[in-house]
Amino acid sequence: MTLSPFMMSGKKDSRDGEASVLTKTRTKTQRPPMYKVLLLNDDYTPMEFVVHVLERFFGMNHAQAFEIMLTVHKKGLAVVGVFSFEVAETKVAQVMDFARRHQHPLQCTMEKE
Ligand code: TYC
């Protein structure tokens with residue numbers, strides 16, 4: 001019979017005949033949920049204002065901003081960026097506040113990806 005290191009050391013095995021069960025903790029790394037920021041079309045906000053919003057708050061160059069603005073104009077809406085909850089919330093608030101201050105009905109919303 002082989003002796004476990006426990007028995008060789010002269011100590012008594014406290015498990016009293018019970019089989020040992022080793023469990024591995026599986027650490028699943030959770031990525032934070034991401035949120036799409038959407039810009040909605042309307043009939044009144046000037047195209048140049050929308051282009052300016054996209055440049056100012058979403059870091060687009062003029063050509064990218066113009067292209068996305070046209071997509072919103074033609075399709076009704078477009079995703080203008082994907083961010084963490086807090087960043088998305090801030091972008092939406094900035095756009096809504098900027099549009100309100102300029103008295104344009106531009107709408108910006110967010111949804112979970
Ligand atoms: N449809 C607007 C117009 O013809 C332009 C526009 C584009 C408005 C995108 C909002 O998110 C928007 N003046």
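**Reading the ligand pocket**

Modeller: Let's begin with the largest pocket, which holds about 150 Å³ of space, as filled by probe spheres set on grid points joined across faces, edges and corners. This is a predicted model, where local features need pLDDT of at least 70 and side-chain atom pairs pLDDT 80 or more, while totals for chains, interfaces and linings use all residues. Residues are numbered from 1 along each chain as its sequence is written, and side-chain values use heavy atoms, without hydrogens or water.

Biologist: Which residues line the largest pocket?

Modeller: Rolling a probe the size of a water molecule over the atoms shows where empty space is left. A pocket is an open set of points on a 1 Å grid over the protein atoms alone, where a 1.4 Å probe fits, with protein on both sides within 12 Å along at least five of seven lines; lining residues have an atom within 4 Å of a point. Here the lining runs through Leu39, Leu40, Asn41, Asp42, Asp43, Thr45, Met47, Val50, Met69, Val72, His73 and Leu106.

Biologist: Where does the ligand sit?

Modeller: It sits in the largest pocket, with more than half of its atoms within 2 Å of the pocket's grid points.

Biologist: And which residues surround the ligand?

Modeller: Taking residues with a heavy atom within 4 Å, the shell consists of Leu39, Leu40, Asn41, Asp42, Thr45, Met47, Val50, Met69, Val72, His73 and Leu106.

Biologist: How much of the ligand's accessible area does the protein cover?

Modeller: Using the Shrake-Rupley method with a 1.4 Å probe, the ligand on its own has 340 Å² of accessible area, and the protein covers 89% of that.
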